[in-house]
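Trainee: I would like to go through this model with you, starting with its charged pairs. Could you take me through it step by step?

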Amino acid sequence: MPSERFEFPNARGEKLAAVLDRPAGDPKAYALFAHCFTCGKDVLAAKRIADGLTARGIAVLRFDFTGLGASEGEFANTTFSSNVADLVAAAKHLREIYRGPGLLIGHSLGGAAVLAAAQNCPEARAVVTIAAPADPAHVTGLFKDQISEIHAKGEVEVALAGRSFRVRKEFLDDVAERKLHDCLANLRKALLVLHSPTDDLVGIENASAIFTAAKHPKSFISLSGADHLISKRADAVYVADVIAAWSERYLDMLPEPDEMPIEGVLVAETRNGKFEQSVVAGKHRYRADEPTSVGGNGSGPSPYEYLLAGLGACTSMTIRLYADAKKLPLKRVAVHLTHDKIHAVDCESCETKEGKIDRIDREITLEGDLSTEQRAKLMEIADKCPVHRTLHSEIDVCTREAA
C-alpha cells in the first residue's frame with residue numbers, strides 16, 4: 001500500500017508533518033519513530049529503517065518535530081519536553097486513525113524522547129533506542145562553546161550540521177532538568193538498546209547507563225562499525241532486521257493471513273519516491289524500485305533484476321532436481337545473470353536481424369566431483385527450466401482495467 005502523508009496537531013495546535021509507511025498487506029503492528037536532534041522524518045536512517053520494518057509487516061509513523069522539516073512552529077520555541085509532547089500527540093493521532101503504536105523507536109535525542117514519552121503511550125509494549133544519550137543534556141555538547149552566551153543573551157543562533165538554529169535558554173534549562181533514570185526504572189516495557197562502540201558523538205557509555213538503569217526484559221546489540229547517524233545502508237538494514245526480529249517476542253502482532261486474498265502477484269505503487277512498488281506474492285512481501293542513479297530510492301531490485309532472479313532461481317532448481325534424481329555428486333549450484341540490449345545483427349542464432357534485442361547472459365557454476373559428461377548434461381538441463389522455456393515461447397499478456 002502507498003505511504004500516507006498527512007498532518008496532525010501538537011499540544012499547541014501547530015500542524016506537524018507526518019508520513020505513515022505501510023507494508024504491502026495489513027500491518028501486523030504499528031511503530032512510532034523519533035528522529036535525531038535537528039534532523040527530520042526523511043533523514044536516511046529513519047527512512048531506511050522504516051523500509052526494513054514495513055518489509056517485515058510493521059507500519060511506521062515518522063514525523064517532523066515542531067519547527068523542523070515541513071512542520072509548523074519555531075524551532076527556537078521547542079524544548080526536550082515539547083519533543084516528548086509531540087511524540088505523545090503523534091501516538092494519539094495514530095491511535096485515532098488506526099491503532100496505537102506497540103513499538104516506540106528513537107534515534108539519538110529521539111531515543112531519549114521515546115524513553116520519556118513511553119509512559120504516556122499505553123499501547124507501547126516495546127521501546128528501542130538507537131545511539132541515544134543517557135542524559136538529554138548531552139545534546140548541549142554540540143554547541144558547548146556558546147552555552148554561556150545563550151544563558152547571558154537568552155537566545156543565540158548556533159550552527160548544527162551545516163545549518164543555523166536559534167537555541168534559547170529555556171531549552172538549556174529544560175534538558176538540565178529532564179532526567180531519564182526514573183523513566184527507565186519505571187519503564188515497564190521491553191527495551192532494546194542499539195549503539196555503536198565507535199560512536200564519536202554519543203559515546204558507548206551512554207548505552208551502558210541506559211541498560212543498567214532499566215529493568216528486564218532488556219537487550220543490548222552492538223552496532224560495530226556504524227557511525228552515529230547510521231549513514232550506511234547496510235547498517236540501517238541490519239538495525240531494521242534486528243528490531244523486527246526482537247519485537248515479535250513482545251508485540252501483539254497480527255498474524256499473517258493463511259491465504260492470499262487474490263491469486264498471482266499484486267504490485268502497487270507505494271508513492272514513496274518516483275518508482276518504488278510493493279510486491280505481494282502469497283505471504284511474502286517485497287519492494288521493487290530503480291537505482292538512485294535514475295531517480296529511484298534503490299529500496300529493492302529493479303523489474304529486470306526480478307526477471308533475472310526468476311530465471312536464475314528456476315535454472316538452479318531444475319539442475320538440482322535432475323542431479324538429485326540421477327544421484328550426481330553435485331554439491332552446489334550458483335547462477336550469475338546479466339541483462340543487456342544488443343544489436344540484432346550481432347546475434348547469429350536470432351531470427352530478428354534489425355534493431356536491438358534483449359540478451360541475457362547466464363553463467364552457471366557447478367560445484368562437485370562431476371565428470372565432463374555429467375557437467376555437459378547439467379548444462380543441457382539448464383535450458384529446460386520452465387522459466388527459460390517461457391521466455392523462449394510465445395507469450396500472450398492480456399491487459400484489462402480492474403472493475
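**Charged pairs, helices and surface**

Mentor: R287 and E276 are both buried, that is, under 20% relative accessible area, whereas exposed means over 50% and partly exposed lies in between (1.4 Å probe, protein chains only). Please note that this is a predicted model, in which local features need pLDDT of at least 70 and side-chain atom pairs count only at pLDDT 80 or more, while totals for chains, interfaces and linings use all residues. Residues are numbered from 1 along each chain as its sequence is written, and side-chain values use heavy atoms, with hydrogens and water left out.

Trainee: What do R287 and E276 form?

Mentor: They form a salt bridge, with the closest N and O atoms 3.6 Å apart. The pair links distant parts of the chain, eleven residues apart: R287 is in strand 13 (residues 284-288), and E276 is in the loop between strand 11 (265-269) and strand 12 (277-281). A salt bridge here is a side-chain nitrogen of Lys or Arg within 4 Å of a carboxyl oxygen of Asp or Glu. Helices (H or I, at least four residues) and strands (E, at least two) are DSSP runs, numbered from the N terminus.

Trainee: How many salt bridges does a search of the whole structure find?

Mentor: The search finds 23. Another of them joins D383 to R362, where the closest N and O atoms are 2.6 Å apart. This pair also links distant parts of the chain, 21 residues apart, with D383 in the loop between helix 10 and helix 11 (386-392) and R362 in strand 15. D383 counts as partly exposed because its relative accessibility is 40%. R362 is partly exposed as well, at 22%.

Trainee: Which residues do salt bridges that share partners join into one network?

Mentor: The network consists of D21, K41, D42, R62 and D64. Within it, K41 and D42 form a salt bridge with the closest N and O atoms 3.6 Å apart. K41 has a relative accessible area of 5% and is therefore buried, whereas D42, at 43%, is partly exposed.

Trainee: Changing topic, how many helices and strands does the chain have?

Mentor: The chain has eleven helices and 15 strands. Of its 403 residues, 46% count as buried. The C-alpha atoms fill a box of roughly 85 × 45 × 40 Å, taken along the principal axes.

Trainee: At roughly what angle do helix 1 and helix 8 cross?

Mentor: The axes of helix 1 (residues 44-55) and helix 8 (residues 233-247) cross at roughly 45 degrees and come within 8 Å. Axes are lines fitted to C-alpha atoms, for helices over the stretch in contact, and angles run from 0 to 180 degrees between N-to-C directions. The two helices are therefore oblique to each other; angles under 35 degrees count as roughly parallel, over 145 as roughly antiparallel, 65 to 115 as roughly perpendicular and the rest as oblique.

Trainee: And how are helix 2 and helix 3 placed?

Mentor: The axes of helix 2 (residues 80-97) and helix 3 (residues 109-117) come within 9 Å and cross at roughly 65 degrees, so these helices are roughly perpendicular to each other.

Trainee: Where does D369 lie, and is it buried or exposed?

Mentor: D369 lies in the loop between strand 15 and helix 10 (372-382). With a relative accessible area of 68%, D369 is exposed. D369 and S164 are 205 residues apart in sequence and 66 Å apart in space, C-alpha to C-alpha.
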